[in-house]
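Work through the exercises below with the sequence and the 3D structure open beside you. Try each task before you read its solution.

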Amino acid sequence: MAVTVLRTISTSLQVLNPFHAPNLLSKNKKGFFCKMSTESPSLTHSITLPSKQSEPVQILAAPGVSSSEFWSAIDSSLFKHWLHNLQTENGILANGKMTLNHILIQGVDMFGKRIGFLKFKAEIFDKETGNKVPGIVFARGPAVAMLILLESEGEIYVVLTEQARVPVGRIILELPAGMLDDDKGDIVGTAVREVEEETGIKLNVEDMVDLTAFLDSSTGRTVFPSPGGCDEDISIFLCRKHVDKEVIMHLQGKETGLREHGELIKVRVVPYKNLWRATADCKVLAAVALLEMAKKEGLLPSLAT
């Protein structure tokens, strides 16, 4: 998305809240304007959204955020994706009733040379009441998940992964899933790659069905697992295969994952009839709901033999 960019570096003299800094505008000898504030030294950046040309938005770096992290965050696909969502048909800023004033970049986690996670705080106000809308954001971007159904001897099984999830402090059974590595939008390719990395199963792109594509277009045709604090949106795919019972036995307990990335994953295979109560993974529960409703309305293609 095109975003008009105006970059400024602010200098300051004392520590204050960066969201409420008095700014002075001065003109240097070359005729350029720069912002001078009475705060502690901090990086600032101004953008103008295409849909809000008259309402420039100031972006600031919180203490501890380096210059390289700050500019990497602003240039990242995570941040651009979030700005895009604000201006979509159902976006917060779409109807003009709310306004975005400031964004404070609070933390950046790098995955190699790219940003994996981004933490920031957005000051968004309701114009009618003047009240601030909660705006703490943990950005991790789009992801994909795969519901793999294996039919064998009249029974349907589901392939799950078992791995330690430190944020919840538990070992979790969940659908094979992964983050999109970039903004190229290769969702199907990512799903196929993640399944092979996490389970060892090789899938054909043509065998996959996008269950989230059955959602109404107003939803964006993705699932938001935790929209109160995280921007993650998940596309859920279905793949069905006929296999021999030996395949089921071989998969059970198989150790997979990219060990060099800390992925210590075990494959678990459970009967589909028990799936809805076997795990608290919201990806699983969303996939079951989408699958059952799609079956009920006759939306699924026939399974090839």
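Glu174 has a relative accessible area of 4% and therefore counts as buried, since buried means under 20% relative accessible area, exposed over 50% and partly exposed in between, with a 1.4 Å probe and protein chains only. The model is predicted, and local features need pLDDT of at least 70, side-chain atom pairs count only at pLDDT 80 or more, while totals for chains, interfaces and linings use all residues. Residues are numbered from 1 along each chain as its sequence is written, and side-chain values use heavy atoms, with hydrogens and water left out.

**Exercise 1. Find the salt-bridge partner of Glu174 and state where both residues lie.**

Step 1. A salt bridge is a side-chain nitrogen of Lys or Arg within 4 Å of a carboxyl oxygen of Asp or Glu. Glu174 meets this condition with Lys283, whose closest N atom is 3.1 Å from the O atom.

Step 2. This pair links distant parts of the chain, for Lys283 belongs to helix H6 (residues 282-296) and Glu174 to strand E12 (residues 170-174), 109 residues apart. Helices (H or I, at least four residues) and strands (E, at least two) are DSSP runs, numbered from the N terminus.

Step 3. Lys283, with 11% relative accessibility, is buried, and Glu174, at 4%, is buried as well.

**Exercise 2. Work out how the rings of Phe79, Trp82 and Phe120 are arranged.**

Step 1. Rings of Phe, Tyr and Trp (its six-membered ring) pair if their centres lie within 6.5 Å, and planes under 30 degrees apart count as stacked, over 60 as edge-to-face and the rest as tilted. The whole structure holds 6 aromatic pairs.

Step 2. The ring centres of Phe79 and Phe120 are 5.6 Å apart and the planes stand at 80°, so this pair is edge-to-face. Because Phe79 lies in helix H2 (residues 77-86) and Phe120 in strand E7 (residues 114-126), the pair ties together parts that are 41 residues apart in sequence.

Step 3. Phe79 is buried with a relative accessible area of 1%, and Phe120 is buried with 0%.

Step 4. For Trp82 and Phe120 the ring centres are 4.8 Å apart and the planes at 70°, so this pair is also edge-to-face. Trp82 in helix H2 and Phe120 in strand E7 are 38 residues apart, and Phe79, Trp82 and Phe120 form one aromatic cluster.

**Exercise 3. Decide whether strand E4 is mostly covered or open, and find its pairing partner.**

Step 1. In strand E4 (residues 42-48), 7 of its 7 residues are buried, which leaves the strand mostly covered.

Step 2. Ser42, Thr44, Ser46 and Thr48 point one way from E4, while Leu43, His45 and Ile47 point the other way.

Step 3. E4 pairs with strand E5 (residues 57-61) in the antiparallel sense over 4 bridges, where two strands pair if DSSP finds at least two bridges between them. Ile47 stands opposite Val57 in E5.
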